[in-house]
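Dear colleague,

Please find below the structure that I am handing over to you. My notes on it follow directly after the sequence and coordinates.

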Amino acid sequence: MKKLLVVVLAAALAVGCECTCGVKAQEPVQISLFAGTVNKIARQRKLSLPETAKLLAQAGVTGFDAQDIDPKIPEYLAAGLKFSNCYGFMKFLTPDNGAKQADAFLAVAVKYGAPRIMIVPDNFTDGGDQEAEFAKILVGVRRLAVKAKAQGIAATVEDFGGNKNPCSYAKYLKRFLDEIPELGYALDSGNLYYAGRGECILDMMNYAKGRIRHVHLKDQTREDNHKYATLGLGAVPNEKVVKGVTALGYAGWFTLENLVGDDTYTDVVRQASVLKNWLGR
């Protein structure tokens, strides 16, 4: 009997106690930074990119978001960071509906193995016909989303902060999702608050359930929607966003955006800790 008990306990340890307590080891949280933040930390700490990547890994940060035209993408990858999100500022209000630029954008994502792209469309023109311009932008976004899907890449739009952009309006975000089934949603927790129209990110989160492909986290103060605060201490309902997207089945990257303070890495450590605490990790 004693020998049998030893064998059972050894087997339980080998599978992480799954057969005795039903608890499996949790996957680590996937945390990313924008490439500009990675570079800023490297400058502040006087480190190379590989050294910076190792430092970030200590805080649980293993990925980067980069614009498609960033020439240092190969260096971030060589440093051991994962390409979590490739974003591009598209010009669909052009004679070719942005086709050439969109193809070049997608080619970068394919070349460097980005699993998703985030499409930031043109701003509406001052005094222009928003509905007519949105219709043209919609065609360009649809074309790019369809081509990305064919390459195995998820295409998204995010709620964008600049209030001349169609993605700063919940109504246009919903129309993108309604009219382009190939398109996903990149939820940015603070951008609707930044845009200042009083639209609720939690409402948009619930509208996009099942379509959320990436999450950006930022916080702004109650006194000024354009002044950034460290995560969890401002007016943005970040804890509800994190727990809400998780409850909806999201298990992807969280990008920490708009770090505050003179020592960027110190705030990265703090924000990553706050995020992991909200997720119970």
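Predicted model: local features only at pLDDT ≥ 70, side-chain atom pairs only at ≥ 80, totals over all residues.

Does Lys111 count as buried or exposed, and at what relative accessibility? At 64% relative accessibility, Lys111 counts as exposed, where exposed means over 50% relative accessible area, buried under 20%, and partly exposed in between (1.4 Å probe, protein chains only). Lys111 belongs to helix α6 (residues 99–112); helices (H or I, at least four residues) and strands (E, at least two) are DSSP runs, numbered from the N terminus.

Residues are numbered from 1 along each chain as its sequence is written, and side-chain values use heavy atoms, with hydrogens and water left out.

Strand β6

Six of the six residues of strand β6 (residues 183–188) are buried, so the strand is largely enclosed by the rest of the structure. Leu183, Tyr185 and Leu187 are buried on one side of β6, and Gly184, Ala186 and Asp188 on the other. Strand β5 (residues 154–158) pairs with β6 in the parallel sense over four bridges; two strands pair if DSSP finds at least two bridges between them. Within this pairing, Thr156 stands opposite Gly184. The chain passes from β5 through helix α8 (residues 170–179) to β6 in a right-handed β-α-β crossover, that is, with the strands pointing away from the viewer, the path from the first strand over the helix to the second runs clockwise. Strand β7 (residues 212–217) also runs parallel to β6, joined to β6 by four bridges, and His216 in β7 stands opposite Asp188.

Helices

In α8, the buried residues include Ala170, Tyr172, Leu173, Phe176 and Leu177. The buried residues of α8 pack against α7, β5, β6 and α10, contact meaning heavy atoms within 4.5 Å. In helix α11 (residues 238–247), Asn238, Val241, Val242, Gly244 and Val245 are buried, and their cover includes β6, β7 and α12 (264–278). Gly249, which follows α11, has a positive phi near 100°.

Gly140 is placed in helix α7 (residues 130–150) and is buried, with a relative accessible area of 3%. Leaving aside residues up to four places away in sequence, Gly140 touches Phe92 and Asn97. Asn97, in the loop between β3 and α6, has a positive phi of about 60° although it is not a glycine. Asn97 is buried, with a relative accessible area of 15%. Lys46 also has a positive phi, near 55°, but is exposed, with a relative accessible area of 73%.

Largest pocket

The largest pocket has a volume of about 230 Å³. On a 1 Å grid over the protein atoms alone, a pocket is an open set of points where a 1.4 Å probe fits, with protein on both sides within 12 Å along at least five of seven lines; lining residues have an atom within 4 Å of a point. Seventeen residues line the largest pocket, and Glu158, Phe160, Asn191, Lys218 and Glu257 lie nearest its centre. β3 (82–89), β4 (116–120) and α9 (191–195) each give two or more residues to this lining.

Yours sincerely

Terms used
Points joined across faces, edges and corners; volume = space filled by probe spheres on them.
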